[in-house]
Amino acid sequence: MASPKPAGDLNPVSLEEALMTTWKREQTFQQSIQMRHDGAPFIFLEGPPTANGLPGIHHVAARTYKDLVCRWKAMEGHFVERKGGWDTHGLPVEIEVQKRLDLLSNEAILEFGMKEFNDECKKSVWTYEDAWRKMTERMAFWVDLDDPYITLHNEYIESGWWALKQMFDKGLLYKGHKVLPFCPQTGTSYSTHEVALGYKEVEEPSVYLKFKLVDDDAAVLAWTTTPWTLPGNVGLAVGPEVTYARIRIVAEPEGWDGRGGAAIGEELILAEDLLAETLRHQIEIIDTFPGSELVGKAYHPLFPDAVERGDSEAAWTIVPADFVTTTDGTGVVHTAVMYGEDDYILGMEVGFPAQHTVDIDGRFIAGTHNSLDGRYVKDCDDDIIDLLHYDNLLYREQMYTHDYPHCWRTGHPLLYYAMDSWFVRMTAVKEKLLEFNDQVEWAPEWVGEGRFGEWLRNVKDWAISRERFWGTPLPVWICEECGHQHCAGSRQDMLDTAIDAAVVPEDLHRPFVDDVRLHCQTDGCSGEMVREPFVLDCWYDSGCAFFAQWHHPFAGTEKLDANFPIDYICEGVDQTRGWFYTLLAVSTTAFDSLCYKRCLSLGLILDKQGKKMSKSKDNAIDPWDHFNREGADATRWYMVTSGAPWNPLKFDPAGVRETYAKMFLTLWNVYKFHVNYAVMDDFEPTDNSVASRAPLDRWLLSRLNAVGLSLHDQFVGWDFHKACRELEDFVVNDLSNWYVRRSRRRLWDDAESADKLACQHTLHEVLVTVCRLMAPVAPYMVDEIHRNLVGESVHLADWPAGTPGCRRDIQILHIPGKVRGLPSRDEELEERMSLARALAEAGRRIRVDAGRRQRLPCQAGWLVGGLDISEFHSLLADELNVEALTTEDDLDRFQQIELVPNWKALGAKARADLPKVKEALAAADADETWAAIQAGKCELAGFEITPDDVEVRRVEKEGYAAASIEFGEGEAAETVSLVLDMSSTPDLLSKGLARDIIRRVQQKRKNLDLDIAARISLTVWLGDGSPELGDVDWEHVQTETRTDVGVLLSGKGPEEADSFTVDEASIHFSFD
RNA sequence: GGGCGGGUAGCUUAGGUUGGUUGGAGCACCCGGCUGAUAACCGGGAGGUCGCCGGUUCAAAUCCGGCCUCGCCCA
């Protein structure tokens, strides 16, 4: 057993920094894992952060929950490896570099050099690595950052390729189109986030067009705000339920703005609801009918040469679509498959030809129309309208104002454009996704069932490719001759099929991999295969973490076999459709398995105003503000106790301060109180019998037992916040404010005594157990305490509850050579103490009400009713400053009764007449009514009243200094009263005076910073009107204040002496 | 526009699946007390139309419907 050192004042920052050093030196983290090597593994997977941004307080929150579960499981005896990880690819990295190097287009990047650009990206990824490492270490997130997985490593990429090949071989990978907002100037398509940066209000021409039917003399009228998409028109969509009207032009309008028009007698078809807004001519309605009647009709293309029909039967016909509305336009939607997402989806469904009329630079493709070919589409709006006007295909033009996305870099309007894209056929595995998701234990449940489940039920194919430079390259090659597709599942695969194996690079990134050409694998084809020039969605990278971290299967399959499926992952709720999804997507498609068994989805961290923290809003909180003030313990504890993990947390810096002052300072001072006496007395913990300890000790141990088991159960149910609040309440209220307060005197005695030893054992056992229960959440201070009391790190100690072997008691394992549990709970003892504490409060209330100061003792006190708490009478008498405390049976001596309705019982009986019964009860005499009720002869407002219908409360009669409390729950509830004798006698006044003098002298000693044991010489002057101070009490004053020479005088003391007033008498004192 | 979640005292929140007339707690504030007890502790006070409107009921923070508002995700 180590000899504990005395403790001084708490400095959380230096304490934590010193422990960081100790942990590093002693390899405590590694030890805590390796010592549990034989335990059942608990598999954790770290969601990789990107180190190209500074870590903030919200990262500390997520990492706290990751850490605390891993630490808890390790203490339970599990083998918990924790490999770190870094997410290093992706668009944000490229954007960062583009901004910095002023490379605002793909052209500029290529000019700069793709290799050089990717080198810059690679560097940029590590910009804040050091900041992340420091934050991680300082907050005590135990994770292996010396051997992390890194998504840009070739091994990692190769594993990703391998998994993609599994999907490819199952036919789950295919090439299609995805309509994306695209900027031809920068050659870049944009994520929704980027699109949101560039919305601008613009005024543009919108046009109403006449699509002339093939087998009918009428034309269908459609509307668009993007004339440049008209050459690409391949169909018209109508709402099958919408009512359309066929009308005839009967007269010219009054006036006409702009181009277009219609001849008298011309017949047009459009939605009935939109006739008035659309048409300017006088018309007659010939017929109305539902849209379904229009379906299947063919019309003449506006630009007959622009798109080839191919084998499409649906081309240039009218089709039904559920997205058609009559809120604007004509109720007929012009469909250009390649230039709108709805259009594309519809086109794929009905089989429109999917052919571009616009090239990747935003120019019309040759063959579209001789006056448009090769021109930038946005410059052609006017000419297109002209062309249609001259062909009599334009009904009307109208300027239209709307918000339209623009490139945030160049300010040019974005074009919605069907880009070549590779997809994972998630729709094919939807049922499996749902089935696997059902097996996941989600916290909270609604994220799994609601948010995530809803997403899975509407799952779309995963657009997995990006037209970018910095990322895992798409390992698909296509034969230039026969179109055969080949997915390379490894570097070796490339070597085996490469035309020139010497070109196959070590570094699997672009541009090196772009140079690799492969032999076509089709029999008889001698073509060369070229790589599809895409990189993969960086979410794919992180979704591969569970196997790519092991370079599976190239480095062997053992690691994955032992570490899959994952037991626990934890990230912010914003990862629902991010990492939570991609992990499941990859495991389902490549492994046909669920990926993780438990997922804790965390609420966002908001600022005090409830706004999301972000750099741009300048409301982000630097974790170091708190690490360097209250420490990491207080920061972590604050975050865990201030709400359920899945609820958004409004981070309040003052809350961290409060947590520190309340929880940690209190615990430290309890510890300091214990350890300093332990050192002074050479205390050594032994197998000290609990049964022979004072009730106060047994009570505290019973409470500890209850709180420890409850904490464990709450942990199991993810309710970390409830668990920790309960423990905090125990430490602050039960341990510090009651046990230690009531026990101080027990340790003051210099002499060894059984009672003192009992107290020291109790404190030792409780402190050590509390340290272990807190260790997962706040790992620093409790380690300092545990090390000093036990001689070993708390992180190498066992979890005191629940496991192993499913034990249900709290274990005290820190006595060398002994394994012993706490005594089991004594709920009756807890009840009695609870009553004693409630009565102590009641007593304080009585004194306030009666205006009797605490230091003046009362001659007597009586307890009326309640449990027998005679074991606590002396404790309570001391607490209440009462000379003698006894029980009194005669309630009526101090009290009378009052009848209160039992609403539940009476409500069920009286229903609507409840208010009348209530009034009757209030008006009746309580004693008589209660007697009648007990005799079964009571009727109020026409209802028979039984004892169940009312509750009897006792209240003090007038003139008694008394207080009553309701104690107990439900059936067992009863009224307990405390009555205090308010009389004063010379003897009581003398005792009170002694106590006042002691208090003042002690305060003065403290102010002078005297050593506790220092001896003094004390002189006291009792002024006019002062009570007599009896000899015994004067002796008591001298003992308590450690006075060697005491002088007691009457009369006024000297000016320079300290003075105070008791009952209007001046008392002076001085000492040296 | 769709999905999910939140709105309770100046601030942070508990409770809400199970309706019960008096909605708890902490911080801050005011008054008092206590202390060799710690940036502590104890007692009391003030502070709430439980987002709004309507419904069900003897009774609604709680159940139902609508609305407003904030957040996240997706369009």
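**Briefing: a predicted protein chain with RNA strand B**

Leucine 180 touches Ser189, Leu415, Tyr416, Tyr417 and Met419, where touching means heavy atoms within 4.5 Å and residues up to four places away in sequence are not counted. The model is predicted, so that local features need pLDDT of at least 70 and side-chain atom pairs count only at pLDDT 80 or more, whereas totals for chains, interfaces and linings use all residues. Residues are numbered from 1 along each chain as its sequence is written, chains are lettered from A and ligands numbered from 1 in the order in which they are written, and side-chain values use heavy atoms, with hydrogens and water left out.

**Confidence**

- Chain A has a mean pLDDT of 84, with 93% of its residues at 70 or more; pLDDT is the predictor's confidence in each residue, from 0 to 100.
- Residues 804–808 have a pLDDT below 50, and this stretch has seven contacts in the model beyond near neighbours in sequence.
- Where pLDDT is low, the predicted coordinates should not be read in detail.

**Leucine 180**

- Leucine 180 is found in strand S3 (residues 173–183); helices (H or I, at least four residues) and strands (E, at least two) are DSSP runs, numbered from the N terminus.
- The C-alpha atoms of leucine 180 and leucine 414 are separated by 9.2 Å, although these residues are 234 residues apart along the chain.

- Of the atoms of RNA strand B that come within 4 Å of the protein, 57% belong to sugar and phosphate.
- The residues of this surface divide into 28 charged, 11 nonpolar and seven polar, with Ala, Val, Leu, Ile, Met, Phe, Trp, Tyr, Cys and Pro counted as nonpolar, Asp, Glu, Lys and Arg as charged, and the others, Gly among them, as polar.
- The elements that give two or more residues to the surface near RNA strand B include helix H14 (445–457), helix H24 (720–748) and helix H27 (827–850).

**Helices H21 and H22**

- The axes of helix H21 (residues 631–641) and H22 come within 8 Å and cross at roughly 105°; axes are lines fitted to C-alpha atoms, for helices over the stretch in contact, and angles run from 0 to 180 degrees between N-to-C directions.

**Backbone features**

- A cis peptide bond with omega of about 0° joins alanine 443 and proline 444, and proline 444 has its place in the loop between strand S15 (441–443) and H14.
- Histidine 551, which is not a glycine, has a positive phi of about 55° and lies in the loop between helix H17 (545–548) and helix H18 (558–562).

Methods. A residue is near a molecule or strand if one of its heavy atoms lies within 4 Å of it.
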